[in-house]
Amino acid sequence: MHTHTHASTMGPIQEAHAAAVRRSGEERCLHKSSLAVVDLGVSSTLILQLKQRPVIRITCKMIPALGNTSVRMRDPQRVEETLRCMQKAGLNTLQVISDFDMTLTRFARNGKRCPTSHNILEISKMISSECKEKLKDLLDKYYPIEIDSSKTIEEKLPLMVEWWTRAHALIMQQKIRKDQLTLAVQESDAMLREGYQEFFDCLNQHSVPLLIFSAGLGDVLEEVVRQAGVFHPNVKVISNFMDFDETGVMTSFKGELIHIYNKREGALLNTGHFEELRSRPNVLLLGDSLGDLTMADGVQEVEKVLKIGFLNDKVDERLPSYLNSYDIVLLKDETMEVPNAILDFLVAD
């Protein structure tokens, strides 16, 4: 477990390492700012005005990880101002709202896709081969639509509802047993992003609420977090949860369907949760799709929101829309390094 220590309590080796990290971050930032260009991917660049040059250097000096090659920021000055306001306000004003699949979990490892919470169930022994085939057909049909940057959210919406509804109808036919979910997760290749333990433990240690807001399968994702040893008391999950009969067999899904583009409605339905957190108007939001941007819409009397987007797939064509929507965009970054570095900054005196 990573512990947050002040420089004065560091040993000489730790101090040397910290200094090296700071230097390397500053060098990266100085290099970028001297060119006055931030590379935005293969096909596009953002020319920074001269007055913005020092901003990137300052931002990276504050948080060296923001100089990583995977990091893109449309407005570094806004990022810096938001972070300074959040740090000044203190951790007792902060809450974290995060998507789960492909945000807290890895998108891929060694070139192979990692399973989502739906996938964990779909590839398990609980699902018949016929059902697996039908679910794969749905994925092949609808996933390209989900990530198609040429379609608007309004165009995608009915198709996403159709996908989730049809997939859930198939799952309900399988008579899934609650006691089999543990084994399904154990046998899967599901994994949280590198650095997850530091992320979860830091939030718990400082009593910062973490809301996991997912269009996936709540029972499955909770089991993933539990088996990783980080289902701390500060974690709450809003997701699609299964209903089981008295014998432990699934009969239906509880409540309203949560899909990728109705998280705003889901947030507004959970007013009780956000009412409890009225004294925490600052939000760190983590997502991997444009639909995740509305997860904080239920936050009451919101002051500052810093949005971090993981861009995992079709980077070049989707980058412009992500840069317009997220404050920080992480390109094919399978770690929690940047969110952890931001938390380190926020917990520092």
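In this predicted model, Leu 293 touches Leu 285, Lys 307, Ser 325 and Tyr 326, leaving aside residues up to four places away in sequence. The loop that holds Leu 293 runs between strand E11 (282–287) and strand E12 (305–311). Is Leu 293 buried or exposed? Its relative accessibility is 15%, and since buried means under 20%, Leu 293 counts as buried.

We can turn next to a pair of helices. Helix H3 (residues 76–89) packs against helix H13 (residues 337–347) with the axes 8 Å apart and at an angle of about 45 degrees, which makes H3 oblique to H13. On the H3 side, the residues that meet H13 are Leu 83, Arg 84, Met 86 and Gln 87; on the H13 side they are Ile 342, Phe 345 and Leu 346. Sorted by class, this contact has five nonpolar residues, one polar and one charged.

Most residues other than glycine have a negative phi. Ser 207, however, has a phi near 55 degrees, a positive value in a residue that is not glycine. Ser 207 lies in the loop between helix H8 (196–205) and strand E7 (210–217), and at 47% relative accessibility it counts as partly exposed. Lys 314, also not a glycine, has a positive phi of about 50 degrees. Lys 314 is found in the loop between E12 and helix H12 (315–325). With a relative accessible area of 41%, Lys 314 is partly exposed.

How values were computed
Residues numbered from 1 in each chain as written. Predicted model: local features only at pLDDT ≥ 70, side-chain atom pairs only at ≥ 80, totals over all residues. Heavy atoms only, no water. Axes fitted to C-alpha atoms, helices over the stretch in contact; angles between N-to-C directions. Helix = DSSP H or I, 4+ residues; strand = E, 2+ residues; numbered from the N terminus. Parallel < 35°, antiparallel > 145°, perpendicular 65-115°, else oblique. Contact = heavy atoms within 4.5 Å. Nonpolar A, V, L, I, M, F, W, Y, C, P; charged D, E, K, R; others polar. Buried < 20%, exposed > 50% of the residue type's maximum accessible area, 1.4 Å probe, protein only.
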